[in-house]
Amino acid sequence: MDIITIQDLEVHYHIGVPDEERVQAQRLLITVAMEIDTRPAAERDDLTRTINYYEVSRRLLGLGQGRSWKLLETLADEIATRVLAEFGARHVQVEVKKFIIPEARHVSVRIRRSA
């Protein structure tokens, strides 16, 4: 199986358990690793036979408009579900990094889902 990865896509979403934390959008980094057989696309040099990573990135950049989440787990699961349903990945791994603890580089949740 082949993997197409979008590494550390910067988004700004409203996320956090306390209401006050969700008032302002926070910077998050999202990594999505999508597993698909890319041979059909490579054989014909045909974008329609693979995952269009540009379209995935556009979808993720717009996902937070008018939305909020309490948990990173919920957000990661929603991203994984959308990628599987909308882009034809067989498996997907999603990591969401949040920069909320000053003493830590980041906090992250990483999940793996299958179609």
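Start inside: the largest cavity holds about 50 Å³ of space. The model is predicted; local features need pLDDT of at least 70, side-chain atom pairs count only at pLDDT 80 or more, and totals for chains, interfaces and linings use all residues. Residues are numbered from 1 along each chain as its sequence is written, and side-chain values use heavy atoms, without hydrogens or water.

A cavity here is a set of points, on a 1 Å grid over the protein atoms alone, where a 1.4 Å probe fits but cannot get out. Points are joined across faces, edges and corners, and the volume is the space filled by probe spheres set on them. Searching the whole structure gives one cavity of 30 Å³ or more.

**Select the lining.** Pick Val56, Arg59, Leu60, Leu63, Arg82, Val83 and Phe87. Lining residues have an atom within 4 Å of a point. Two elements, α2 (53-63) and α3 (72-87), each give two or more residues to this lining. The largest share, four residues, is from α2. Helices are DSSP runs of H or I with at least four residues, strands are E runs with at least two, and numbering starts at the N terminus. Colour by type: five lining residues are nonpolar, none polar and two charged.

**Go to Asp8.** This residue sits in strand β1 (residues 2-15). Asp8 is partly exposed, at 28% relative accessible area (buried is under 20%, exposed over 50%, partly exposed in between; 1.4 Å probe, protein chains only).

**Finish at Asp45.** Look in the loop between α1 (39-44) and α2. Phi of Asp45 is also positive, near 55 degrees. Asp45 is exposed, at 74% relative accessible area.

Conventions: 1 Å grid on protein atoms, 1.4 Å probe; cavity = no way out; pocket = protein on both sides within 12 Å on 5 of 7 lines; lining within 4 Å. Nonpolar A, V, L, I, M, F, W, Y, C, P; charged D, E, K, R; others polar.
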